[in-house]
Amino acid sequence: MNKKDTILLELQEISPAVANLNKGDVYTVPFGYFERLPTEILAITKAENLFEGAKERLFTTPNGYFNDLADNILLKVKQSNNSSSDIFDELESVAPLLNSIDKKNYYAIPAGYFQNLAIQFPEKQAAKVIAFNKWKKWTNYVAAAVFAGVLAMGAIKFIDSNSSKSSFEIELSKSSDEEIKQILDNQSSTNYTFVGTVSDEQDGLSIFEGTSEEELQQFLKEQPEMAEKTNKDI
Amino acid sequence: MNIDDKELLQQFKEPAKKEIAYTAIIKKYQEKLYWHIRRMVIEHEDANDVLQNMFIKVWKGLENFREDSQLYTWLYRIATNECLTFLEQQKRKSTVSMSDEETGLSNKVKADTNFDANRLEWKLQLAIQHLPEKQRLVFNLRYYDEMPYEEMSRVLDTSEGALKASYHHAAKKIEDFILNR
């Protein structure tokens, strides 16, 4: 009996169920793995041989370098841990619950986001050129000129009226009271409606010349205001 | 300043190496800045927009960066300002009142595909959205980015004392929210 059969019989005595299981491998290996394996192992070995050759000390180190190395590294480790420890202690005193929460970033990000991140600069657009309509440009100039002209005319008229009024006032102030009276006296009296003025007694009475006393009395009755004046004059 | 950052800034100033340096800066800081922005705006699309705008500003402004602070402080400052500008624009576009602002952000948190109301980590996110904007920033920078107050004061242009007080209040409010809701 060969070894294989011996082992199989032994197993059947221990556990028939196990003995009857399919012995095939369930694990898979990459395609072509074993074909490539020797070449790869050889390459690794060669590389190590190269490093073996380079083990000769070509570089020097400062005196006592390795004596202080451990302390220096430990100091740097403590310094780098300090901020974390400070922050932990700080939070422990304020809100210890938060120290127990995992700080890992849980928000979802698209796969490969950081590997493919590229900054997209905005494209520079050429400045828009707006062409003026020449005709529109000229009509604008004309309209502006007309408006300016109207303003100027108005201003001139305003100034003139002011200056004429003031010149009259200036001339008036130069004239004496006598001159002003003379001017007013020389004004025609066409608007007056009464018969005549009685400048003196003689002139007043002369108009009644040739009229009888009875006719005069009758006249005076009809003209009461003349009666008053006549009585005064007489 | 970090030696790598100094070298990157030097390379950025050389025309032949400018784009390489810029790409290196993006790759170095993209994740930190992205998550800083994402925790404020919640939705990925919004975070991507803000991140893009932020890096465009970096491209335009990096040549004039005075190196009076760390490069990452300067980057965080730009990212923070872009976040605040974005949130301000959202407020103006939206018709919701201030009191509903937190509800809007909470809804965005709940809309995330990974959201699980039973997990403490998601309750924490909901609690954070109930903080005022500045307090949210302070809490995130200290709690997630573990930023020293000295650096944070340069990022947020606020005194260290005010930041400490703000962080303490924020942590208390969050704890209260988680325990009582």
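View 1. Helices (H or I, at least four residues) and strands (E, at least two) are DSSP runs, numbered from the N terminus. This is a predicted model: local features need pLDDT of at least 70, side-chain atom pairs count only at pLDDT 80 or more, and totals for chains, interfaces and linings use all residues. Residues are numbered from 1 along each chain as its sequence is written, while chains are lettered from A and ligands numbered from 1 in the order in which they are written.

**View 2. The buried face of H3(B).** Six names make up the buried set of H3(B): B:Ala47, B:Val50, B:Leu51, B:Met54, B:Phe55 and B:Val58. Seen down the axis of H3(B), these buried residues fall within an arc of 135°, so they line one face of the helix. The arc is taken over the directions from the helix axis to the C-beta atoms. An α-helix has 3.6 residues a turn, so residues three or four places apart point the same way. Among what covers the buried residues of H3(B) are helix H2 (18-41) and helix H4 (71-93) of chain B. Two residues are in contact if their C-beta atoms, placed from the backbone, lie within 7 Å.

**View 3. H3(B) from end to end.** Helix H3 of chain B covers residues 44-61, which is 18 residues. At 1.5 Å a residue, H3(B) should span 26 Å; its end C-alpha atoms are 25 Å apart, which agrees. The expected span is 1.5 Å times one less than the number of residues.

**View 4. Where chain B meets chain A.** The contact takes 27 residues from chain B and 22 residues from chain A. On the chain B side, H2, H3, helix H6 (120-129) and helix H9 (160-180) each give two or more residues. H9(B) gives the most, with seven residues. The chain B side divides into 13 nonpolar, six polar and eight charged residues. Ala, Val, Leu, Ile, Met, Phe, Trp, Tyr, Cys and Pro count as nonpolar, Asp, Glu, Lys and Arg as charged, and the others, Gly among them, as polar.

**View 5. The two chains.** Chain B has nine helices and zero strands. Chain A has eleven helices and zero strands. Of the 181 residues of chain B, 29% count as buried. In chain A, buried residues make up 1% of the 234 residues.

Note on methods
A residue is buried if 20 or more other C-beta atoms lie within 10 Å of its own, exposed if 12 or fewer, and partly exposed in between; C-beta atoms are placed from the backbone.
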